[in-house]
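Please view the sequence and the model before reading on.

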Amino acid sequence: MPLTPLDIHNKEFTRGFRGYDEDEVNDFLKQLIKDFEDVIRERDEMYERTKELEDRINHFSNIEETLNKSIYVAQESAEEVRKNARKEGELTVKEAEKNADRIVNEALNKSRRIELEIEELKKQASVYQTKFKMLLEAQMEMLHSDEWLNLSEEEAAEAEVYAGDGERLD
């Protein structure tokens, strides 16, 4: 067991004939006690300082560990955000492509309907033109024929019915 300053202070030496000078030994012991107390105080201060530094090291190690975990989580989150953004972008593009296809298909269908309507109108116009031509030719024949003059009132009324649309109404 190590000596304490009190052990040194209380140490009694046996006296011998012509032993050591008691005042010199006591002065030396007092100096030894003082130096030993200083060493012990210094050791205790070093112990406290060491403990404090170890606590700080542990604290900073915990902070480092927490920061590393935070960085890892942030990296994972960033990667997840990138993946989600990529997926959302792909979905947006697919949706836009579907909408574009739908719009193009609708436009093509509408164009086909309009083309069919145009063809139908052309046929109707041709039919109308033919009927109108036939009517005009019939009217011209009637104008050039002598029968025009010999028409009875009944025949004149019938001719007026034909003149309206080229078809008989009865």
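## A pair in helix 2

Glu 106 and Arg 102 both belong to helix 2, where 4 residues, about one turn of the helix, separate them. Helices here are DSSP runs of H or I with at least four residues, strands are E runs of at least two, and both are numbered from the N terminus. Glu 106 and Arg 102 form a salt bridge, with 3.2 Å between the closest N and O atoms. The term denotes a side-chain nitrogen of Lys or Arg within 4 Å of a carboxyl oxygen of Asp or Glu.

Glu 106 counts as partly exposed because its relative accessibility is 43%; Arg 102, at 40%, also counts as partly exposed. Under this scheme, buried means under 20% relative accessible area, exposed means over 50%, and partly exposed lies in between (1.4 Å probe, protein chains only).

## Basis of the model

The model is predicted: local features need pLDDT of at least 70, side-chain atom pairs count only at pLDDT 80 or more, and totals for chains, interfaces and linings use all residues. Residues are numbered from 1 along each chain as its sequence is written, and side-chain values use heavy atoms, with hydrogens and water left out.

## Further salt bridges

The structure holds 7 salt bridges. Side chains of opposite charge can pair when their charged atoms come close. One of the bridges joins Arg 41 and Asp 38, at 2.3 Å from N to O. These two residues also lie in helix 2, 3 residues apart, or about one turn of the helix. Arg 41 is partly exposed because its relative accessibility is 45%, and Asp 38 is partly exposed at 26%.

Lys 69 and Glu 65 form another salt bridge, their closest N and O atoms lying 3.3 Å apart. About one helical turn separates Lys 69 and Glu 65 because they are 4 residues apart in helix 2. With 42% relative accessibility, Glu 65 counts as partly exposed.

## The largest pocket

The largest pocket contains about 390 Å³ of space. A pocket is an open set of points on a 1 Å grid over the protein atoms alone, where a 1.4 Å probe fits, with protein on both sides within 12 Å along at least five of seven lines; lining residues have an atom within 4 Å of a point.

Its lining comprises 15 residues, and Phe 13, Arg 15, Glu 22, Val 25 and Asn 26 lie nearest the centre. Helix 2 (residues 22-144) supplies the largest share of this lining, 6 residues.

Conventions: Points joined across faces, edges and corners; volume = space filled by probe spheres on them.
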